[in-house]
Amino acid sequence: PTIPVIKAPAIVTVGTAGIIATVDSQSGCTYAWTITGGTISGGSSTNSITFAPGSSAGILSLGCTVTNQAGTAATAGILTVNVVTGPTKPVVTAPANATAGQTGYTASVPTQAGFTYVWTIANGSITLGGSTNAIIFTAGSPGTLNLTCTVTNAGGGTSTSDIVAVNVVAAPTTPVISSPANVTVSRTGLMASAPSQSGSTYAWTITGGIITGGATTNSITYTAGPTVGTLVLGCTVTNAAGLASTAGTLNINVVAAPVTPVISAPGNVTVSQAGYTASVPTQSGCTYAWVITGGTITAGGASNTATFTAGASVGTLTLACTVTNVAGTSSTSSATNVNIAGYPVINSFTAGRTTITVGNGTVLSWNTTNATSVTLNNSIGDVTGYSTHNVSPGTNTTYTLTATNAAGISVNAAV
């Protein structure tokens, strides 16, 4: 018989059963196998055996002797096999969250010397390192991404796979900030918000004001600065994977607070008379609200000049005005009282004698109501407070009595 040449794996894994070793068949011969560092589990008198290495890494030795029918044995064939340890189950390290469609994420397992690595991915793609202990991958659509890694040693021994789930979230969108277009200087308690994006955090900035609450949420409160101009709000949204959106911004007009208006109106008006006006100084961009007691506003109730009619009774008329700026901030209301005077009446105006001779005189007599000023013509002038006046005209003369009330309304009578 010829010296047998043993064929078996050059490297095997400790504890692996069912490994096969063979020699070429020689007709009519028998075979005797030996093993050091392992166990033969079958076929020990044939040209093909199964064996298992021991529990320790090192060298396993196989021997085979072939004997012919005449009892002549060949020199034993010998083969040494390298026994290596089995791979341990890898522990995959990967981000807990990833953004859909984003590239450049990494995952890894600890290095096991001399081993190879097999990675698989569901809901994503491996872009680099698929046969090493560290990979780069791209996330798929929102949902769950599964990464699996298996380690194989030089003897073909394969570890148990480790699987890790990565939460894939949507990319954050640029936030659209909602807040008043106009605010009043130093106004507190103002609010701004951006639409909620699930699982995200928010970072706000402000120029020309102060954020007073909610700076990490989608809704903040803020105070406008003390200067008229522009206030700028900014918001950036960051998803669970740490990806930040483009910042959303909003410019807000900061306007002056309205001042308490000073009303200009007549001090006296006449009962039931129309066409009186009251006004306040103009304040840019503001609206005006007038209220009247003891009369009726007939025009301009939303402007800085109102037209009104006095009431029908003697007494006091009250005008009030409130100014509101474009941000909706209202001034303190201002009010003024106007005296409602009665209509002047000349109850009587007579001359003691209507016919006199030259050199003689007569007495003019009168009675008035609601008159604060009474005058006579013909250079006589003011006779307020009197009810008679002596006259001695040199020619035929007409005397006119004028009665005027506090509002300047006059009536006349002649004799």
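Visitor: How many bridges join strand E2 to strand E5, and do the two run parallel or antiparallel?

Guide: This is a predicted model, and in it strand E2 (residues 19–22) and strand E5 (residues 48–53) are joined by four bridges and run antiparallel.

Visitor: Which residue stands opposite Pro-53 in E5, and how do E4 and E5 pair?

Guide: Strand E4 (residues 38–42) pairs with E5 in the antiparallel sense, again over four bridges, and it is Gly-38 that stands opposite Pro-53. E4 and E5 form a hairpin with five residues between them, and within the turn Gly-43 has a positive phi of about 75°.

Visitor: Turning to charged side chains, how many salt bridges are counted here, and which residues are involved?

Guide: As a general idea, side chains of opposite charge can pair when their charged atoms come close. In this structure the count comes to one salt bridge, formed by Asp-24 with Lys-7, whose closest N and O atoms are 3.3 Å apart. The pair links distant parts of the chain, 17 residues apart, since Asp-24 sits in the loop between E2 and strand E3 (30–36) while Lys-7 belongs to the segment before strand E1 (11–13).

Visitor: Is Lys-7 in that pair buried, partly exposed or exposed?

Guide: Lys-7 has a relative accessible area of 45% and is therefore partly exposed, the range for that class lying between 20% and 50%.

Visitor: How many aromatic pairs are there, and why is the pair of Phe-349 and Trp-366 classed as it is?

Guide: The count comes to three aromatic pairs. In the case of Phe-349 and Trp-366 the ring centres are 6.4 Å apart and the planes meet at 65°, so the pair is edge-to-face, given that planes over 60 degrees apart are put in that class. This pair, too, links distant parts of the chain, with Phe-349 in strand E29 (residues 345–351) and Trp-366 in strand E30 (residues 362–369), 17 residues apart. Both Phe-349 and Trp-366 are buried.

Visitor: Which residues have the most contacts inside the largest nonpolar core, and which element gives the most to this core?

Guide: The largest nonpolar core has 19 residues, and those with the most contacts inside it are Val-269, Tyr-288, Trp-290, Phe-308, Leu-317 and Leu-319. Two or more residues each come from strand E23 (276–279), strand E24 (287–293), strand E26 (305–310), strand E27 (315–324) and strand E28 (334–341), and E27 gives the most, with four residues. A second, separate core has 18 residues, among them Ala-107, Phe-115, Val-164 and Val-166.

Visitor: What is in contact with Val-291, leaving aside its neighbours within four places in sequence?

Guide: Val-291 lies in strand E24, and, with those neighbours left aside, Val-291 is in contact with Ile-297, Thr-318, Leu-319 and Ala-320. The C-alpha atoms of Val-291 and Cys-321 are separated by 6.4 Å, although the two residues are 30 residues apart along the chain.

Visitor: How many disulfides does a search of the whole structure find, and what is the nearest cysteine sulfur to Cys-29?

Guide: The search finds zero disulfides. For Cys-29, which is in no disulfide, the nearest cysteine sulfur is that of Cys-64, 10 Å away, whereas a disulfide would need the sulfur atoms within 2.5 Å. Cys-29 has a relative accessible area of 15% and is buried, and Cys-149, at 0% relative accessibility, also counts as buried.

Methods. Residues numbered from 1 in each chain as written. Predicted model: local features only at pLDDT ≥ 70, side-chain atom pairs only at ≥ 80, totals over all residues. Heavy atoms only, no water. Phe/Tyr/Trp six-rings, centres within 6.5 Å; stacked < 30°, edge-to-face > 60°. Buried < 20%, exposed > 50% of the residue type's maximum accessible area, 1.4 Å probe, protein only. Pairing = 2+ DSSP bridges. Salt bridge = Lys/Arg side-chain N within 4 Å of Asp/Glu carboxyl O. Core = buried A, V, L, I, M, F, W, Y, C linked by side-chain atoms within 4.5 Å. Contact = heavy atoms within 4.5 Å.
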